[in-house]
Amino acid sequence: MKAPAKLAKKPATKLHIESSYLSCIYDPKLFKKVVVKTVAAIKRIMTARGVDAIAFRGSSGAALAFIVGHKLGLSLLHVRKDNSHSGLIVEGNVAAERIVIIDDFVASGNTINMIVSSLKKNMRPESDLRIVGMVLYNASSPNDDLRRTCRSLPSTAIIEKFQVN
């Protein structure tokens with residue numbers, strides 16, 4: 001059997017990333033760090049509370065949810081801002097019960113509050129929905145501020161947050 005041909009190394013591409021807050025997603029080296037830290041954070045939440053699914057909204061959550069869900073064997077819940085072409089606000093494993101939310105950071109709390117509200121309204125009636133944690137990968141706010149801002153987040157939810165440089 002013939003050995004596979006080696007791929008030629010391509011010259012390094014110079015990066016010039018334009019983003020107001022998602023440069024850690026667009027930079028491949030930083031993205032790798034974000035994935036590793038997010039996986040570790042969710043593993044800690046899984047150990048403490050158990051996790052069935054990852055909920056997210058928008059590109060900042062989606063950027064990590066798919067790869068982290070795959071790495072951890074977790075299903076996903078995509079919470080849309082409005083009806084998608086499918087007519088659904090929540091797409092994914094609507095029977096999941098122990099949910100962790102992934103997002104970049106919290107400014108006003110509106111995104112997290114909307115995710116929680118949409119999940120409560122759109123999950124299967126028989127599911128015992130519990131938001132067990134939240135992972136923020138570009139956050140610097142103290143946890144007390146996050147709990148005041150994200151008023152719909154249960155007091156028992158574990159908050160994991162970090163930044164990469």
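This is a predicted model: local features need pLDDT of at least 70, side-chain atom pairs count only at pLDDT 80 or more; totals for chains, interfaces and linings use all residues.
View 1. Arg130 is partly exposed, its relative accessible area being 37%.

**View 2. The salt bridge between Arg124 and Glu126**. Here the closest N and O atoms are separated by 2.9 Å. Arg124 has a relative accessible area of 42% and is therefore partly exposed, whereas Glu126, at 54% relative accessibility, counts as exposed.

**View 3. The salt bridge between Arg98 and Asp52**. The closest N and O atoms are 2.7 Å apart, and the pair links distant parts of the chain, since Arg98 belongs to strand β4 (residues 98–103) while Asp52, 46 residues away, sits in the loop between α2 and β1 (53–56). Arg98 is partly exposed at 26% relative accessibility, and Asp52 is likewise partly exposed, at 24%. In the whole structure, a search finds six salt bridges.

**View 4. The packing of helix α2 against helix α3**. Helix α2 (residues 28–49) and helix α3 (residues 58–72) pack at an angle of about 55°, with their axes 10 Å apart, which means that α2 is oblique to α3. The crossing of α2 past α3 is right-handed. On the α2 side, the contact is made by Phe31, Val34, Val35, Thr38, Val39, Ile42, Lys43 and Met46, which meet Ala63, Leu64, Ile67, Val68, Lys71 and Leu72 of α3. Sorted by class, this contact comprises 11 nonpolar, one polar and two charged residues.

Conventions
Residues are numbered from 1 along each chain as its sequence is written. Side-chain values use heavy atoms; hydrogens and water are left out. Axes are lines fitted to C-alpha atoms, for helices over the stretch in contact, and angles run from 0 to 180 degrees between N-to-C directions. Helices (H or I, at least four residues) and strands (E, at least two) are DSSP runs, numbered from the N terminus. Angles under 35 degrees count as roughly parallel, over 145 as roughly antiparallel, 65 to 115 as roughly perpendicular and the rest as oblique. A crossing is left-handed if the near helix is turned anticlockwise from the far one by less than a right angle, and right-handed if clockwise. Contact means heavy atoms within 4.5 Å. Ala, Val, Leu, Ile, Met, Phe, Trp, Tyr, Cys and Pro count as nonpolar, Asp, Glu, Lys and Arg as charged, and the others, Gly among them, as polar. A salt bridge is a side-chain nitrogen of Lys or Arg within 4 Å of a carboxyl oxygen of Asp or Glu. Buried means under 20% relative accessible area, exposed over 50%, partly exposed in between (1.4 Å probe, protein chains only).
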